[in-house]
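Here are my notes on the two-chain model, for use alongside the sequence and the structure.

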Amino acid sequence: MALPGQTQLSHMEEFMEGIWKQNPVFVMVLGMCPTLAVSVSAVNSLSMGIATTFVLVCSTLLVSLIRKLVPKEVRIATYIVIIATFVTVVDYLIQAISLAVYDALGAFIQLIVVNCIILGRAEAHASKNPPLRTVVNALGMGLGFTLGLLSLGAVREIFGAGKLFGFSLFGPDFQPWVVMVLPPGGFFVLGAWLLLFNWLKNRKVDGALVKPLEGHTHA
Amino acid sequence: MTGKSRRIELRAAPHVKRGVNVETIMLHVVLALLPIAGFSVIQYGLSALALIMATTVSCLLSERLFSRLSGQGNTLADWSATITGLLLALTLPPSFPLWMAAVAGFAAIALGKVLFGGLGYNVFNPALVGRAFVQAAFPVAITTWAPAFFPGRFTGFIPTTFTMPLMTPPGLAEWLHQHVVDGFTGATPLARWKFENHVASAGDLLSGVATASAGETSALLILACGLYLAARKFMDWRIPVAVIGSAALVALAFHLVDPGRYPAPVFVLLSGGLMLGAVFMATDMATSPVTATGVWIYGAVIGVVTVMIRYFGGLTEGVMYAILIGNALVPLIDQYTQPRVFGARGRKA
């Protein structure tokens, strides 16, 4: 998001925001409820990620298009109506495509309405930016959320069932780690990913700090 | 840490009277654990030995890995990881597959200790965190028991010991049928009480012939080792006394109300991991309160929760969760049992 006085991001940078710098799961730690609840398998994670991305892109596009028409006082209500519309669309779509996935995701499809990533994007980005920029940003955010969910879902499925996307990895004798498909497992895996992400980020920051200092002393 | 001297000594520095540091205390705890570990090897043979080595090596390697990653230098010398490994093995069933034991050791150090900042900063007893992790991950393996003193224990392993990593351990039924006297049900005394209403005799429980985790069978031996630590003041004697005392009182109350349903306090005290937990795990210095009043409250909570879980919970044994709950309460207990500062007025202790 470009603040006044700041140089505007290119569309590529805008897209990468959600995937790396502002990743909804690993950096902003938003949308934890669906993240922890549905990430028991890679397929569930992927479906949830795609559903959220769809709602995110469509609703931010619409919010961006009407951003100059909506009075400030009723904007949140307007956003919710727009988001709820697309959630209903997704709800029926998933039911039509795969009833198994629909049952697995349960109430969490309807709960996309109150997903803070979507409302946050609508309020912080779509209401201030032109449609193309908003859609690019929303696509990045949606993809970042999907990647976050997938990285949790994959680890939990590998340990919890010995499978990945339903394909058996270790043969029939695999001992499932029951804890991984239970809520504590979700927290453990999320914690481990956050640890890894922060470690990588800190290493980058340290490297960036050390270099100019070295140059300074040599000069 | 424990001794409260009422005398005030006026002397110039140095004030150190006894060369006790973390390493010395930890080393003595290791020494006190060795007889218990040795007895479990006598009872369960090579499998118990392999189990003890697996958890200890796993704990030491994890500790080394994380101390290197965090740049803390070599923290193996303080013996704390060795204690965690030994204690962890003693709480596991002797037939526990070694790869699961290694997972437990890693979880104990990584989740129970390093995550909080290492020795002294951990909120929960690391060995119990490791055990809780594998209890949640592998509920079947951790409730599969082998009989004590089974024949051939020094010449061979229990078949589940060398399960391929990540694989399900084989069933023990056939092996038990071939090696063990008839009528072994594979149930611990607590399970037999809970599901069959059979109360094991105190003699069996004291001497350690009952089925149980590797190191919790002989109450006598655990008490003797605990007495040594308490006598050398390496351990706060109040904690085991409070745990055992409160468990006995609650058990007695239930027994008096309904003797047919609830066993005598002796059974409650001697069965399961109560002794091992009270003497070696509840007393962990980093995870128990520092105030004298607090220590009594802490011990009483553990004793009462243990009996409550055993009597009314779904699990047969509650010591592990009772101690973890006690650990979680420690900061609160410490805060409310602060002694009054000498000479200060107003707020009472």
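1. Contacts. Two residues are in contact if their C-beta atoms, placed from the backbone, lie within 7 Å. In chain B, among contacts between residues at least 6 apart in sequence, 75% join residues at least 24 apart. For chain A, residues 24 or more positions apart account for 77% of the contacts with a separation of 6 or more.

2. Basis of the model. This is a predicted model, in which local features need pLDDT of at least 70 and side-chain atom pairs count only at pLDDT 80 or more, while totals for chains, interfaces and linings use all residues. Residues are numbered from 1 along each chain as its sequence is written, and chains are lettered from A and ligands numbered from 1 in the order in which they are written.

3. Confidence. pLDDT is the predictor's confidence in each residue, from 0 to 100. Chain B has a mean pLDDT of 85, with 90% of its residues at 70 or more. Its residues 1–5 fall below 50, and beyond near neighbours in sequence this stretch of chain B has five contacts in the model. The mean for chain A is 87, and 90% of its residues reach 70 or more. Residues 210–219 of chain A stay under 50 and have zero contacts beyond four places in sequence. Where pLDDT is low, the predicted coordinates should not be read in detail. The model scores ipTM 0.81 and pTM 0.85.

4. Chain B overall. Helices (H or I, at least four residues) and strands (E, at least two) are DSSP runs, numbered from the N terminus. Chain B has 14 helices and zero strands. Its radius of gyration (taken over C-alpha atoms) is 21 Å, close to the 20 Å that the globule rule gives for 349 residues, so chain B is as compact as a globular protein of that length. The globule rule is 2.2 Å times the number of residues to the power 0.38. The C-alpha trace of chain B spans about 70 × 55 × 30 Å along its principal axes.

5. Burial. A residue is buried if 20 or more other C-beta atoms lie within 10 Å of its own, exposed if 12 or fewer, and partly exposed in between. By this count, 48% of the 349 residues of chain B are buried. In chain A, buried residues make up 39% of 219.

6. Domains of chain B. The domain assignment (bounds from an automatic or database assignment) gives domain 1 (20–144 + 146–178) and domain 2 (187–337). Their centres, taken over C-alpha atoms, are separated by 20 Å. In chain B, 34 residues of domain 1 are in contact with 29 residues of domain 2. On the domain 1 side, helix 1 (22–44), helix 2 (46–69), helix 3 (80–91) and helix 5 (126–137) of chain B each supply at least two residues. Helix 1 of chain B gives the largest share of that side, twelve residues. By class, the domain 1 side has 26 nonpolar, seven polar and one charged residues. Ala, Val, Leu, Ile, Met, Phe, Trp, Tyr, Cys and Pro count as nonpolar, Asp, Glu, Lys and Arg as charged, and the others, Gly among them, as polar.

7. Between the chains. The contact takes eight residues from chain B and nine residues from chain A. The chain B side has seven nonpolar, one polar and no charged residues.

8. Chain A and its helix 6. Chain A has nine helices and two strands, in the order α-α-α-α-α-α-α-β-β-α-α. In helix 6 (residues 116–124) of chain A, A:Ile117, A:Ile118, A:Arg121 and A:Ala122 are buried. They cover an arc of only 130° around the axis, which puts them on the same side of helix 6 of chain A. The arc is that of the directions from the helix axis to the C-beta atoms. The buried residues of this helix pack against helix 3 (42–65), helix 4 (75–97) and helix 7 (131–161) of chain A.

9. Positive phi. Most residues other than glycine have a negative phi. A:Phe165 has phi near 50°, and lies in the loop between strand 1 (163–164) and strand 2 (167–168) of chain A. A:Phe165 is exposed, with 12 other C-beta atoms within 10 Å. B:Leu166 has phi near 70°, and is found in the loop between helix 5 and helix 6 (173–179) of chain B. With 19 C-beta neighbours inside 10 Å, B:Leu166 counts as partly exposed.
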